[in-house]
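Q: Please take a close look at one helix packing in this model and at the aromatic residues around it. Then follow the chain to a few other helices.

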Amino acid sequence: MKLSIVKTKEGVSYLYPFILVTSLFFLWGFAHSILDVLNKHFQEVLVISKTKSALIQAVVYGGYFLMALPAGMFIKRYGYRAGIILGLLLYGLGAFLFIPGSFLMSFYFFLFSLFIIGCGLTCLETASNPYVTVLGEPESAASRLNLAQSFNGLGWIFGPLIGGLILFSDDSQASDIIYPYLIIGCSVIVIALCFIRIPLPEVKEESFSAIIEKKLHRYPHFVWGVVVLFLYVAAQTGINSFFINYVTETAPEISNRTASLLLSFGGMGLFMAGRFAGSYLMRKVKATFLLGINGIGAILMMLIVLTQLKWISITALFLCFLFESIMFPTIFALSLKGLGYHTKKASSILIMSIVGGAIAPIMMGMLGEESMAIGFIIPLLCFIAIFIYAIRFSKLYR
């Protein structure tokens with residue numbers, strides 16, 4: 001990693017805070033990606049429909065909508081470090097609730113547990129995403145956030161890998177769901193204790209009077225950033241949620257377990273690689289240009305997915321993970337550019353837009369109840385909007 005992206009012009013280095021906070025990105029990547037295995041697992045174990053199983057994503061991402069503003073106010077008052085600790089504690093609590101849940105085997109109790117996890121993830125993302133953007137010069141914010149989000153991609157690999165191996169093994173039991181959440185619950189609490197003992201520098205955003213006086217709704221790149229981030233998370237969550245369904249329907253010879261491994265190493269592997277590559281490329285080309293190119297690629301891949309041409313379409317679905325990889329951190333950093341004093345509040349509103357992940361899976365489940373391919377119309381429309389956003393605000397970055 002080039003140290004220049006975590007240094008200010010005055011020579012202040014934020015390397016160690018950057019490394020510590022980046023470790024958190026893995027945690028919520030794991031939490032989100034294991035949902036895609038739970039989706040298919042609950043369809044079979046609890047005998048529920050695709051539409052009902054999509055409530056798994058709905059409660060987690062719904063937690064983002066309900067918790068984002070309270071999390072933002074908490075962080076504004078107590079700082080980024082306190083927000084991170086609160087998020088980790090809520091995350092751990094939700095994970096440990098899976099222990100009684102594995103005995104009750106109640107779908108709605110699992111939903112409650114996932115909602116608590118969602119609230120914890122909201123605090124983590126509300127604190128960590130904007131914190132990374134200010135750990136250096138504004139010009140390198142998108143590159144820095146893409147680098148941190150690359151480790152989020154690593155979490156996305158391990159979620160379906162561990163979940164698939166445990167829940168889709170030949171001798172798996174319905175109650176085996178306890179194991180991945182027991183492991184992550186213990187891990188999260190240990191990390192929370194580390195953050196309690198290790199202080200982080202509280203970076204101050206610029207607070208020029210002209211910036212304070214200007215209201216958030218007067219920044220069009222932020223307003224449309226909220227809308228487009230909503231659509232991106234909708235697309236990403238919808239694709240992930242029904243990846244296993246799509247692959248097993250398009251190629252019936254593929255088992256659930258094999259599909260979950262394909263999601264882990266194939267889809268999420270490309271996702272992580274795309275973020276590393278994006279972080280590097282953004283030091284050489286405009287972030288919005290790269291966002292536009294990736295938008296075109298994602299649109300083309302979704303069109304091929306809709307044709308359901310067996311392995312051709314499955315390959316296109318894999319490649320879509322590569323094209324969508326840089327979208328979240330790039331849109332997030334672009335939306336916060338030049339907001340100064342308003343950064344923490346703006347971050348809360350952007351995190352609220354993650355509620356798109358609660359809506360799209362339900363819509364896709366309804367459209368794809370008979371044929372999953374039809375449901376992928378939803379992410380196609382979302383990627384079209386992202387491409388338009390990249391073109392519209394192409395002058396915001398160098």
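A: Helix α1 (residues 15–45) packs with helix α6 (residues 107–133) at an angle of about 150 degrees, and their axes are 10 Å apart. Axes here are lines fitted to C-alpha atoms, for helices over the stretch in contact, and angles run from 0 to 180 degrees between N-to-C directions. Helices are DSSP runs of H or I with at least four residues, numbered from the N terminus. The angle makes α1 roughly antiparallel to α6, a term for angles over 145 degrees. The crossing of α1 and α6 is left-handed, meaning that the near helix is turned anticlockwise from the far one by less than a right angle.

The model is a predicted one, in which local features need pLDDT of at least 70 and side-chain atom pairs count only at pLDDT 80 or more, while totals for chains, interfaces and linings use all residues. Residues are numbered from 1 along each chain as its sequence is written, and side-chain values use heavy atoms, with hydrogens and water left out.

On the α1 side, the residues that make the contact with α6 include F18, F25, W28, L35 and F42. On the α6 side, F107, F110, L114, E125 and Y131 are among them. Contact means heavy atoms within 4.5 Å. By class, the contact of α1 with α6 has 17 nonpolar, 3 polar and 1 charged residues. Ala, Val, Leu, Ile, Met, Phe, Trp, Tyr, Cys and Pro count as nonpolar, Asp, Glu, Lys and Arg as charged, and the others, Gly among them, as polar.

Next, the rings. The structure holds 18 aromatic pairs, that is, rings of Phe, Tyr and Trp (its six-membered ring) with centres within 6.5 Å. F25 and W28 both belong to helix α1, where they are 3 residues apart, about one turn of the helix. Both F25 and W28 are buried, meaning under 20% relative accessible area with a 1.4 Å probe and protein chains only.

The rings of F42 and F107 have centres 5.9 Å apart and planes at 85 degrees, so this pair is edge-to-face. Because F42 lies in helix α1 and F107 in helix α6, the pair ties together parts that are 65 residues apart in sequence. F42 and F107 are both buried. Together with F98, Y108, F110 and Y181, F42 and F107 form one aromatic cluster.

T22 is also in helix α1. At 6% relative accessibility, T22 counts as buried. Not counting residues up to four places away in sequence, T22 touches A148 and F151.

Just after α15, G338 takes a positive phi of about 75 degrees. Helix α16 (residues 343–352) is mostly covered too, with 8 of its 10 residues buried. Among the buried residues of α16 are T343, K344, L350 and M352. The buried residues of α16 pack against α3 (55–78), α4 (80–96), α6, α10 (220–241) and α15.

How values were computed
Helices (H or I, at least four residues) and strands (E, at least two) are DSSP runs, numbered from the N terminus. Angles under 35 degrees count as roughly parallel, over 145 as roughly antiparallel, 65 to 115 as roughly perpendicular and the rest as oblique. Rings of Phe, Tyr and Trp (its six-membered ring) pair if their centres lie within 6.5 Å; planes under 30 degrees apart count as stacked, over 60 as edge-to-face and the rest as tilted. Buried means under 20% relative accessible area, exposed over 50%, partly exposed in between (1.4 Å probe, protein chains only).
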